[in-house]
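Subject: Structure handover

Hello,

Please find the structure below, with notes on what was found in it. The notes follow directly after it.

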Amino acid sequence: MKKTLSMFLSLVLLVGVLAGCSGSQSANGSKGGKDIDLRIWSFTDELKKPIKKFEEKNGVKVELTIVPIADYPTKLRPVLESGVGAPDVFTGELAFIKQWVDAGYWEDLSKSPYDAEKLSDQYIPYVFDMGKDKDGKVRALSWQTTPGGVYYKRSIAKEVLGTDDPAEVGKMMSSMDSVFATAEKLKAKGYRMFPDEGAIRWFAQGDAPEPWVNDKNELQLTDRKVEFMDYAKEMKTKGYTANAAEWSPSWFESMDKAVKVKENGKTVETNVFSYVLPTWGLHSVLKTNVKKSTGDWAVTSGPSPYFWGGSWLGVYSKSKNKELAYDFVKMMTQDKDFLKDWAKETGDVLSYLPVTDEIKGDFKDEFLGGQNNYQFFLDQAQNIKPGIVTKYDQQLDTLYGNAVKQYTDGKKSKDDAIKEFYMKAKNAYPDLTVPNK
Amino acid sequence: MKNLNRYGYFFIAPFWLVFLVFSIYPVALTFYYSFTNYTGSGTAEVVGLANYTRLLTDSFFVQAFVNTLKIWGINFALQMGLALILAAIFSDMRLKMKGQSFFRAIFYLPNLITVSSVALLFGILLDWQHGSLNVVLMNLGLISDPINWLNEPATAQISVSLILTWMWFGHSFIVIMAGISGISTDYFEAALIDGANRWQTLVSITLPLLKPILLYIMITSLIGGLQLFDLPMLITDGIGSPDGSLNTMVLYLYNQAFKYNNYGYASAVAYGLFIITVIFSAVVFRSMYSSERKQARQV
């Protein structure tokens, strides 16, 4: 009796453990326990509404898994590698898109039945190019474009520059020299041009952008990028900024109110004139943090066009449900009716030209004092040169940003800061050829 | 009788199964990867000892090692000092402090907050322009210029150490209190009758008898300290700014693996970290055993 009881108990334990394992597997596995037809992974919740529409339209059930961006690549990679519990559709962000299109996780959309190649002239060129792998095959598509601009306060522009017209203000910032001239004018009236010198990093390349790493795997620190260190330093030392680093509490605070800055040993209150942000900066940064100055903003162009961020999506190459998966991708990127609603609802700037052509005419945003930011961003997007993004960019940008800060803070000389940047780059990517300086 | 023994295996089987799959297998796989140039996707090529020779000459790893020891050392000294002082006050027979359990809970609370919340909280408190700390210090007239705490290597390290102290002194305090309550009150009463003052009681009675407990705290804190990762990761830009002063060994490992995709090298870093931990623990263990032998002779 005792024996059977202990035998039984240990069996129960064992079964419990095994059931625990297999239970979680079937919940994530492709066979699915609850009749789920499609699994989607993303790093934001923005797909929630489209998924609802997709479910209603097709009579299917979709499961969305949201993983915060910081963990997204680390969580997704093992799943894609092993294929266990993998999504049928997943999104990718600019920071890792170059790695992923080449890794083969996304289905080749150039071949039939997808034939996505045919769409090439219907998208903003750089957006379409970003989704291609090194052999030129389309792996991922995007519904949005994320060019950047300079958001400024109209009231300050009127007072100091005599106009708040975006085109006029844009002219006053069309080159680095004119940016500094404008900054000087603003400073004379007690304003600060930018929150901090990091804001101008997008213009570091000037109008001749080069990729960080060329096809011979050599790290390229162009002269313009080196020059940028001086621009950043000048910006800081001449007091054109409010010393409010990006994403810091004071950075957010200065959007709406005056902030305290030190000047010649005295603390003064000052307002920040402009923020360098892309399309999404309007909706997820400015609008969520600004209360008082709503309607007092406008957007214009800086010294050179740039873009920041963006989501792409594609079909998992080992998905068992590719047809339905591509249907979803198609809806997100090519469905005219859906995209029109989407653009009006979210203000997202789309990359699908047939739709943007239709809506750009009478678009306006009250937050920007009724400005047609749609047309503006589309024009900016057309000027972005594709093909300069490499898989190293995000890390190298961070490391270089660090070096620039060391120099602008006066902790290191320019040469030492660059030398350290080279060392860190080599440490992170031993296969790169780094100049021997 | 012989038959009965078999059933024991069934009972321990679940543990071993889980342990094999989730602990032994990854550890062994990491060991294999440490000899390859695995990048997270595709196939891994065996490169022999290249990762280990690189580790030995890696100035960034050495810096990370020194940083980790510095941050842990400052934190440990302060944490133990604070915990001991508080324990001495609370266990003092003449003082008879009230509200012990209340204070114990208060001191322990910081330990229950997730590190991400702590990092966010102190990120705001230490913000150099609008952070409360600088505002308070300036209003008191202690400093004339705001200090950019997290932008100078020295202050950044001290800040992290102090935050860790704040988080962990309650834990040490509770363990020490538990240790003190294990000491027979006879010793304290005898000391009281012999006219020993508080300092003498602490140094000659409490501390020697607490030695095993203190060494236990030391070892666990050391092992935890060598794995310091989350706070330095969250409080600045995640790569150990300013000037690499918050770059700890595990943060370095994390960045090599998950940011730069050098999984092979990161595995070697993991084993380097393992060896360092073993050496340090062995040193502490030795001191523990030798001190026990001494005690045995004394008694």
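A:Lys171 and A:Glu168 sit 3 residues apart, about one turn, in helix H7 (residues 166-171) of chain A; helices (H or I, at least four residues) and strands (E, at least two) are DSSP runs, numbered from the N terminus. Their side chains form a salt bridge at 3.6 Å, N to O, the term meaning a side-chain nitrogen of Lys or Arg within 4 Å of a carboxyl oxygen of Asp or Glu. A:Lys171 is exposed at 57% relative accessible area, while A:Glu168 is partly exposed at 34%. Here buried means under 20% relative accessible area, exposed over 50%, and partly exposed in between (1.4 Å probe, protein chains only).

This is a predicted model, in which local features need pLDDT of at least 70 and side-chain atom pairs count only at pLDDT 80 or more, while totals for chains, interfaces and linings use all residues. Residues are numbered from 1 along each chain as its sequence is written, chains are lettered from A and ligands numbered from 1 in the order in which they are written, and side-chain values use heavy atoms, with hydrogens and water left out.

Other salt bridges

Over all chains, the structure holds 23 salt bridges. One of them pairs A:Lys49 with A:Glu345, with the closest N and O atoms 3.2 Å apart. This pair links distant parts of the chain, 296 residues apart: A:Lys49 is in helix H2 (residues 48-58) and A:Glu345 in helix H13 (residues 336-346), both of chain A. A:Lys49 is exposed at 57%, and A:Glu345 is partly exposed at 46%. Another salt bridge joins A:Asp164 and A:Lys158 at 3.9 Å, N to O. There A:Asp164 is buried, with a relative accessible area of 18%, whereas A:Lys158 is exposed at 52%.

The interface

How many residues does each chain bring to the contact? Chain A gives 42 residues and chain B gives 41, contact meaning heavy atoms within 4.5 Å. The two chains bury about 3200 Å² between them, 55% of it on carbon and sulfur atoms; buried area is the accessible area (1.4 Å probe) that two parts lose on being put together, summed over both. The rule finds 1 salt bridge across this interface. It is formed by the side chains of A:Lys412 and B:Asp243, at 3.0 Å, N to O. On the side of chain A that touches chain B, the elements giving two or more residues include helix H3 (72-82), strand S6 (259-263) and helix H17 (414-428). Helix H1 of chain A gives the most to that side, with 9 residues.

The cores

A nonpolar core is a set of buried Ala, Val, Leu, Ile, Met, Phe, Trp, Tyr and Cys residues joined through side-chain atoms within 4.5 Å. The largest has 140 residues, and those with the most contacts inside it are A:Phe90, A:Met193, A:Leu219, A:Phe273, A:Phe328 and A:Phe421. Helix H12 (residues 322-334) of chain A gives the most to this core, with 7 residues. Beyond four places in sequence, the contacts of A:Phe90 include A:Trp41, A:Tyr72, A:Trp106 and A:Trp312. Apart from this core lies another, of 39 residues, among them B:Ala64 and B:Phe188.

A buried threonine

A:Thr356, in helix H14 (residues 353-359) of chain A, is buried, with a relative accessible area of 0%. Its side chain reaches the backbone oxygen of A:Leu353 at 3.0 Å. Not counting residues up to four places away in sequence, A:Thr356 touches A:Leu350, A:Tyr374 and A:Leu378.

Regards

How values were computed: Polar contact = N/O pair within 3.5 Å; in protein donor to acceptor, adjacent residues only side chain to side chain.
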